[in-house]
Amino acid sequence: MATDRGRDLLVPVGDSETLRRTVTYAVERAHESADSTDDPVAVHFIFPARWRIYETDRESVASASSLLERAVAWATEDLEELIGEDHPPTVTFESATVGTDEYVFSPGDFAAVVGRYAEANEVDRIVVDPSFRPGGNVPLLRSFEAELAERGFDVLEAPVTRRTSRRLPFTEIGLRELFVVYAASLLFYLALGGWHVTDAYELVTGVATAAVVTLTLARVSMKGELPRLRYVGATVLRMAIYTPILLWEITKANVALAYVVLHPDLPIEPRTVEFDAAVWGDMPVTTLANSITLTPGTLTVDVSRQHFMVHALIPGAEDDLLEGTLERFVRFVFYGRESARIPSPRERRDDEGER
């Protein structure tokens, strides 16, 4: 799809508290620009590397790739909210890691690396995350934004700020987050009773139970920002689609495992399978880990960030795992339909082996 590169946007990406909202701002600006002319606009997400290629460590590369993939998934999700899933995209997304073959230190060094990529791709407008501080924030040096503007780029600082919610003294979350956890706990209590409260004692018991649960789970249930209501609704709907699919996968695995157990030769070949899953965040990782464990023949033994260690009882279970069916559906649930179209863990492993 051809784009008018003079209207394209570039977003330098780094791990920051305001990156998610910066991505949303960039997508909205790009969509407005595309909508006004009926021509698609490209948004380039680039990660300025702090390592030189001959000093590269695998963890840094994986972290950069994961962050870029996350930014593209967020952007795709934001675009789908703007235009709907079934409409042709008005914005395309590119991602790249730059600066791997040179030593970058100061904001000027990072601006030079970013500027060369922008010039090579004929991008004039750069959206900067206000919390993104490559090379630190040294008073004697000019800022990253000033260095980019000095090179002639149109620099747009995303109008997003850090959220400074007041922390309650007895927990690590704010009042809004505490209310959400409390409301969810109370609704769960009422759901267990069939939404039928017979007397005041039962209601008081529910209120007290929800309070205890809230104070106990507050630290682990709301570690990040409150998700947007529309995102929660879409996730719940996609989870409803995923549930019967998971039950079908469990049924197939049950039949396969029953065949092995009943076979006279008992062809069991237990093994440990390790792979890096293309999911991030507490809920997606937990959902994938539990989906694997619920499927007979596989058991999630350990998870470290995105690295999974799974015990597989039979070769077929290992094959299913590396084909990535469950991983794709979990990405569909939490990141949208487009995000499900990725290579399987086996294909990603083969690609890494060829490099």
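Modeller: A contact means heavy atoms within 4.5 Å. In this predicted model, local features need a pLDDT of at least 70 and side-chain atom pairs count only at 80 or more, while totals for chains, interfaces and linings use all residues. Residues are numbered from 1 along each chain as its sequence is written, and side-chain values use heavy atoms, with hydrogens and water left out.

Biologist: Which residues does Ser291 touch, not counting residues up to four places away in sequence?

Modeller: With those sequence neighbours set aside, Ser291 touches Tyr242, Leu246 and Leu326. A polar contact is a pair of N or O atoms within 3.5 Å; within protein, one must be able to donate a hydrogen and the other to accept it, and residues adjacent in sequence count only if both atoms are side-chain atoms. The side chains of Ser291 and Tyr242 make such a polar contact, at 2.8 Å.

Biologist: Is Ser291 buried or exposed?

Modeller: Buried means under 20% relative accessible area, exposed over 50%, and partly exposed in between (1.4 Å probe, protein chains only). Ser291 has a relative accessible area of 3%, so Ser291 is buried. Leu262 has a relative accessibility of 71%, so Leu262 counts as exposed. Ala183, with a relative accessible area of 24%, is partly exposed. Across the protein, buried residues make up 43% of the 355 residues.

Biologist: How many helices and strands are there in the protein?

Modeller: Helices (H or I, at least four residues) and strands (E, at least two) are DSSP runs, numbered from the N terminus. The protein has eleven helices and eight strands. Ser291 belongs to helix α8, residues 282-294. Leu262 is in helix α7, which covers residues 229-262. Ala183 sits in helix α5, residues 175-192. The C-alpha atoms of Ala183 and Ala210 are separated by 7.8 Å, although these residues are 27 apart along the chain.

Biologist: What share of the contacts in the protein with a separation of 6 or more comes from residues 24 or more positions apart?

Modeller: Residues 24 or more positions apart account for 74% of those contacts.

Biologist: Where in the protein is confidence lowest, and where is it highest?

Modeller: pLDDT is the predictor's confidence in each residue, from 0 to 100. Confidence is lowest in helix α11 (residues 345-354), with a mean of 74, and highest in strand β1 (residues 9-12), at 92. For the protein, the mean pLDDT is 82, and 86% of the residues reach 70 or more.

Biologist: How many salt bridges does a search of the whole structure find?

Modeller: A salt bridge is a side-chain nitrogen of Lys or Arg within 4 Å of a carboxyl oxygen of Asp or Glu. Searching the whole structure gives ten salt bridges. One is between Arg20 and Glu77, whose closest N and O atoms are 3.4 Å apart. This pair links distant parts of the chain, with Arg20 in helix α1 (residues 19-37) and Glu77 in helix α2 (residues 58-83), 57 residues apart. Both Arg20 and Glu77 are buried.

Biologist: Which residue forms a salt bridge with Arg271?

Modeller: The partner of Arg271 is Glu318, and their closest N and O atoms are 2.8 Å apart. Arg271 lies in strand β6 (residues 271-276) and Glu318 in helix α9 (residues 315-323), so the pair ties together parts that are 47 residues apart in sequence. Arg271 is partly exposed at 28% relative accessibility, whereas Glu318 is buried with a relative accessible area of 16%.

Biologist: Which side chain meets that of Arg346 in a salt bridge?

Modeller: Arg346 meets Glu323, at 3.5 Å from N to O. Here too the pair links distant parts of the chain: Arg346 is in helix α11 and Glu323 in helix α9, 23 residues apart. Arg346 is partly exposed, with a relative accessible area of 28%, and Glu323 is partly exposed at 40% relative accessibility. Elsewhere, salt bridges that share partners join Arg20, Glu77 and Asp78 into one network.
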